[in-house]
Amino acid sequence: VLLQSLSRTLVNFPVLCGRAIKLQRSDNVELVLCVPKAQNHDIDTETYSPQWASVPLSFDANRRADTETNGVAPNDWFDMAVNCIPTDVCHVSSFANDESIDASKLGDPMTRIRVSTFGSDYQVIAISMNHSLVDAGSISLFMQAWSRQYQLCRKQVNGAEADKHEDTERPNISFYHPIFDIDGKQKDDKIMVPNEWLKLLPNELGGENPFVENKASMTNETKNVSCTVYYRSRDQIEKLKNKSLEEMNRQTQQQVEGQRGSQTPLYVSSNDAMMGEVCEQLEATSVLLCMDWRPVLNRLTFFGYAVLFLYLDLSSANDAPAACRNILGWTDCNGEEGSPSVVRDAKFVMWKMQNETKQGRTDLIWNSWTDFFTLHDKEHNGIRRGENFAEMECCPHDMLMSEEMCRARVDVARRGLSYAIIFPQPNRGVRVYFFGPSEVGLSLQAEVYRI
């Protein structure tokens, strides 16, 4: 059933079956993704052409059920998508279509899946995807589609007839990036850019890009980093939110009367409060906040990379929750808008896309996956629904970050850039992966998983 449902799902996600190739065009070498086309969209006879297009699916039925993970999935649970970038170069004139591509010139598959069975207790689906293809929102779209096809296939195996509408419904997945709609008249140098937008770019433009490896920037201090996995329950998050509001009220009372304005939100989210906790322990005065632009552009079914980095310059670490909420917007106790959002604006998103290469040094990257996934939740009618993409038919009980992904983030932290990623947990709690100084991880009252 897993194999059949995956085959049906991939009809709508041909990018995942693609392979990379290096093409020689005149004096330039370009990296191109070769994507297959579905030959037959009849749901019972889907086939792909050519032969090189595939997503390898393997099975391991002999896992020990008592495996301890500490929140990190071991590498041997995965069939890793490696060697995706080919070494050989192919001249553009050597092929005219998918059938004429020399498969030996292609990189290895960019998506691989392994399913492990742990005794009679549970199964783990380990998915390895090249990050150039997807972000968290895209993985969520794929998992939703696969879970739906899995339910339909199970109905057929059990002899039940699927509703006609269910059997033919397919997600309207889009692969077209909106940045291609920008023409010369829309370039940012042709428009007046508001100061509120400019503030969300790093103040060290042209400086060292934190995402580019630079071993010279490593010091003894930055080498002492690790991956820390810790948890926050609903009650603990509520206490953090109350603490953030109390701090903002204290700062307001110290201001000259009449200066409160939009700089003091009357509301903070769980994400704001948890980011503030890490900033306080890290003594961070700058943050890159990851933002998904799909809801702003009404492109919820876009499959690809839809992340913008918003730079927050903080006067102190305690200002992080308020700074985050001020750019995202908030409403007062009567439901009226207290501060409009700076970033939830289509014009801002299109402008920011053109400036994503302008990066500088920062203390922390903050990223949350909680809105994208649904987990089984016994206390809340069986499921926990994320806000943007959570209509999953089959809800997993948990989700873990791979050891390889943790290792890569630790390498980033060794260059002086701390990183935090939030995963959902059952019963509305969260699991936090923090990559940064080991002493900060310990101060967050966590168990340190050293890589």
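In this predicted model, D135 touches D292, R294, G304, Y305, A306 and V307, leaving aside residues up to four places away in sequence. The protein has 451 residues, and 48% of them count as buried. It contains 12 helices and 21 strands.

**D135 and helix α2**

- D135 sits in the loop between β9 (122-129) and α2 (136-157).
- D135 counts as buried because its relative accessibility is 4%, and the cut-off for buried is under 20%.
- One of the residues that D135 touches is R294, and the side chains of D135 and R294 make a polar contact of 2.8 Å.
- D135 also caps the N-terminal end of α2, with a side-chain oxygen 3.3 Å from the backbone nitrogen of G137.
- α2 has 22 residues, which should span 32 Å at 1.5 Å a residue; the C-alpha atoms at its ends are 31 Å apart, so the two values agree.
- After α2 comes G159, which has a positive phi, near 85 degrees.

**S5 in helix α1**

- S5 belongs to helix α1 (residues 2-10).
- The relative accessible area of S5 is 0%, so S5 is buried.
- A polar atom of the S5 side chain lies 2.8 Å from the backbone oxygen of V1.
- The side chain of S5 also has a polar contact of 2.9 Å with the side chain of W146.
- Leaving aside residues up to four places away in sequence, S5 touches W146, Q149, Y150 and C153.
- In an α-helix there are 3.6 residues a turn, so residues three or four places apart point the same way.

**Strand β15 and its partners**

- Strand β15 covers residues 364-368, and four of these five residues are buried, so the strand is largely enclosed by the rest of the structure.
- β15 pairs with strand β11 (residues 286-292) in the parallel sense, over three bridges.
- Within this pairing, L289 has W366 of β15 as its bridge partner.
- β15 also runs parallel to strand β19 (residues 418-424), and five bridges join the two.
- Here L364 stands opposite S418 in β19.

**The sheet β2-β1-β7**

- Three strands in the order β2-β1-β7 form an open sheet with mixed pairing.
- β2 (28-34) and β7 (89-91) are at the edges and have a single partner strand each, so one side of each is left without a neighbour in the sheet.
- On average, neighbouring strands of this sheet are turned by 45 degrees against each other, with direction ignored.
- Strand β1 (residues 19-25) and β2 run antiparallel and are joined by seven bridges.
- R25 has N28 in β2 as its bridge partner.
- Strands of a sheet pair through backbone hydrogen bonds, either parallel or antiparallel.

**The whole protein**

- Among contacts with a separation of 6 or more, 72% are between residues 24 or more positions apart.
- The accessible surface of the protein is about 22800 Å², and 46% of this surface belongs to carbon and sulfur atoms.

Key. Residues numbered from 1 in each chain as written. Predicted model: local features only at pLDDT ≥ 70, side-chain atom pairs only at ≥ 80, totals over all residues. Heavy atoms only, no water. Helix = DSSP H or I, 4+ residues; strand = E, 2+ residues; numbered from the N terminus. Buried < 20%, exposed > 50% of the residue type's maximum accessible area, 1.4 Å probe, protein only. Polar contact = N/O pair within 3.5 Å; in protein donor to acceptor, adjacent residues only side chain to side chain. Contact = heavy atoms within 4.5 Å. Pairing = 2+ DSSP bridges. Axes fitted to C-alpha atoms, helices over the stretch in contact; angles between N-to-C directions. Expected span 1.5 Å × (residues − 1). Areas by Shrake-Rupley, 256 points an atom, 1.4 Å probe, with all protein chains shown as cover.
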